[in-house]
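Student: Could we go through this structure together, one question at a time? I would like to see how each answer is reached.

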Amino acid sequence: MADHRTPAGTDTATQAFLDHRELLFAVAYNMLGTVTDAEDVLQETWLSWAGRSGAGDAGQAAEIEHPRAYLVRIAVRHALARRARIARRRETYVGPWLPEPLLTDGPAGPAAGEDASDSAVRAESVSLAMLVVLETLTPLERAVFVLHEVFGYAHTEIAGILGRSPAAVRQLAHRARSHVRARRPRYQAHPRVRRQATERFVAAALGGDLGALLEILAPEATLWTDGGGKAQAAPRPIRGRDKVARALTGYAARSAAGLELRHRDVNGDAAVVVFADGSPHAVMVMDLDPDGEQVREVFLVTNPDKLSALEAGEPRPEV
């Protein structure tokens, strides 16, 4: 996958990295759940790759027969190493932790500065709801699930990436798949149906329409709010249709003045980004039932540290 931003005269090793940059980002993001950590993994992968391939030395770069496989292996191993640091950060995190929202569109299609192939890889990042489920897997289970179920790697390929036997990888895949399927339905409503339901829900929630909210919320609905101790958020998940509806109408009443709503795709799902004074204020993502009729989970991210990458759909910085 060529990178349209590649400058003329780029050396072979750098070109190989840029060709697979979006894939590496998507793999790391799906394994870690934060844009910042995925970017750090990209940087670490580049340094490892440059040291091994000899950036600027076409001869050394050519010695690596399959750059894509080699780069993915480096990125996965850096991501696994980073999981320990992430776990330590979570121990002191204030309130529920949610993955960092990732825009998978732009104001008029792909995010600014991206071509269609970049956007396609970015769209492979799984939904926010799925990322929450993946947080309950072990790091190795998550790596296997992401590589096999999201990116289509064979178990034998994953065995080489992780340094495990194919039998061990198959066992990890079975455990991960069983766990995920117990938490997530296999089938989802059509994207158009999901977008229409999402727009109705957002209009009711941020318009303070309690009756409409009670109609669209599933009885067992849950509201997850992530403020990270830096913004308004509930200290724990709110469960039950009535409680969720009242919490959302209360949030709308306190926050509605001067807010601008932009309907965007976040992690491949219809969502709304709330702006205040031109800056991202919150992201609201809804997880619908398989028919797209009712909302069963609402994810509200207000932690400003997780919103900085959403500034008007600007492209992520270069590595």
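Student: In which loop does D277 lie?
Tutor: This is a predicted model, in which local features need pLDDT of at least 70 and side-chain atom pairs count only at pLDDT 80 or more, while totals for chains, interfaces and linings use all residues. Residues are numbered from 1 along each chain as its sequence is written, and side-chain values use heavy atoms, with hydrogens and water left out. Strands are DSSP runs of E with at least two residues, helices are runs of H or I with at least four, and both are numbered from the N terminus. On that basis, D277 lies in the loop between strand 4 and strand 5 (279–288).

Student: Is D277 buried or exposed?
Tutor: Buried means under 20% relative accessible area, exposed over 50%, and partly exposed in between, with a 1.4 Å probe and protein chains only. The relative accessible area of D277 is 80%, so D277 is exposed.

Student: What is phi of N267, and where does N267 lie?
Tutor: Most residues other than glycine have a negative phi. N267 lies in the loop between strand 3 (259–266) and strand 4 (269–276), and it counts as buried because its relative accessibility is 2%. Although N267 is not a glycine, its phi is positive, near 50°.

Student: Which polar atoms does the side chain of N30 approach?
Tutor: N30 is found in helix 2 and counts as buried, because its relative accessibility is 0%. A polar contact is a pair of N or O atoms within 3.5 Å; within protein, one must be able to donate a hydrogen and the other to accept it, and residues adjacent in sequence count only if both atoms are side-chain atoms. A polar atom of the N30 side chain lies 2.7 Å from the backbone oxygen of A26, and one lies 2.9 Å from the backbone nitrogen of V126.

Student: How are helix 2 and helix 5 oriented to each other?
Tutor: Axes are lines fitted to C-alpha atoms, for helices over the stretch in contact, and angles run from 0 to 180 degrees between N-to-C directions. Angles under 35 degrees count as roughly parallel, over 145 as roughly antiparallel, 65 to 115 as roughly perpendicular, and the rest as oblique. The axes of helix 2 (residues 21–32) and helix 5 (residues 67–90) come within 9 Å and cross at roughly 30°. That angle makes helix 2 and helix 5 roughly parallel.

Student: How are helix 2 and helix 8 oriented, and which residues of helix 8 meet helix 2?
Tutor: The axes of helix 2 and helix 8 come within 9 Å and cross at roughly 140°, and the two helices are therefore oblique to each other.

Student: Which residues of helix 1 are buried?
Tutor: Helix 1 (residues 12–19) is mostly covered, since six of its eight residues are buried. At its start, a side-chain oxygen of D11 comes to within 3.1 Å of the backbone nitrogen of A13. The buried residues are A13, T14, A16, F17, L18 and D19.

Student: What share of the residues of the chain counts as buried?
Tutor: The secondary structure of the chain comes to 13 helices and six strands. The chain has 319 residues, and the share that counts as buried is 51%.
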